[in-house]
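Hi,

Here is the structure I promised to pass on. My notes follow below it.

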Amino acid sequence: QVQLVESGGGSVQAGGSLRLSCAASGITFSIGAMGWYRQAPGKQRELVALISRGGVISYADVAKGRFTISRDNAKNTVSLQMNSLKPEDTAVYYCKANRLYLTSEYWGQGTQVTVSS
């Protein structure tokens, strides 16, 4: 059974860094795009960064210059390096994976990131 598990969340002071990781298991098919999303209290879930199977990357404006997404196709993992964190980055961060060629998508349960001022 497909499962995505995020790790690396925690509490950090403004200006600090965190590295989130997501590992997919139970995969019996090829994974297409993978990405990181976040949801703050009272707000909609939003895209943070997306990376295609071929390595094409797209960042939300708030992430540009501060966050870096990467993936390992062989290991079915995706990571998000977050630097210069701000209190506004506080949210639950979710990992998402798409099935190659198909519309199926899978989500992790999320990991909490809290940035204090």
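D61 and K64 are both exposed. They form a salt bridge with each other, with the closest N and O atoms 3.2 Å apart. Keep in mind that this is a predicted model.

The count of salt bridges comes to four. R38 is where I would look next. Its side chain meets that of E46 in a salt bridge, at 2.8 Å from N to O. R38 also forms a salt bridge with D89, and here the closest N and O atoms are 2.9 Å apart. R38 sits in strand β4 (residues 31-39), while D89 sits in the loop between β8 and β9 (91-99), so this pair ties together parts that are 51 residues apart in sequence.

E46 is partly exposed, at 34%. Salt bridges with shared partners join R38, E46, R66 and D89 into one network.

Now the sheet. Four strands make up an open sheet, in the order β1-β3-β8-β7, and the pairing is antiparallel. Which strands are at the edges? They are β1 (3-7) and β7 (67-72), and each pairs on one side only. From one strand to the next, the twist averages 15 degrees.

Strand β3 has partners on both sides in that order. With β1 it runs antiparallel, and five bridges join the two. In this pairing, L4 stands opposite A24 in β3. With β8 (residues 77-82), strand β3 (residues 18-25) is joined by six bridges, and these two strands also run antiparallel. There, L20 stands opposite L80 in β8.

Which side chains of β3 point to the buried face? They are L18, L20, C22 and A24.

A24 is the one opposite L4, and L20 is the one opposite L80.

Best wishes

Technical notes. Residues are numbered from 1 along each chain as its sequence is written. This is a predicted model: local features need pLDDT of at least 70, side-chain atom pairs count only at pLDDT 80 or more; totals for chains, interfaces and linings use all residues. Side-chain values use heavy atoms; hydrogens and water are left out. Two strands pair if DSSP finds at least two bridges between them. Axes are lines fitted to C-alpha atoms, for helices over the stretch in contact, and angles run from 0 to 180 degrees between N-to-C directions. Buried means under 20% relative accessible area, exposed over 50%, partly exposed in between (1.4 Å probe, protein chains only).
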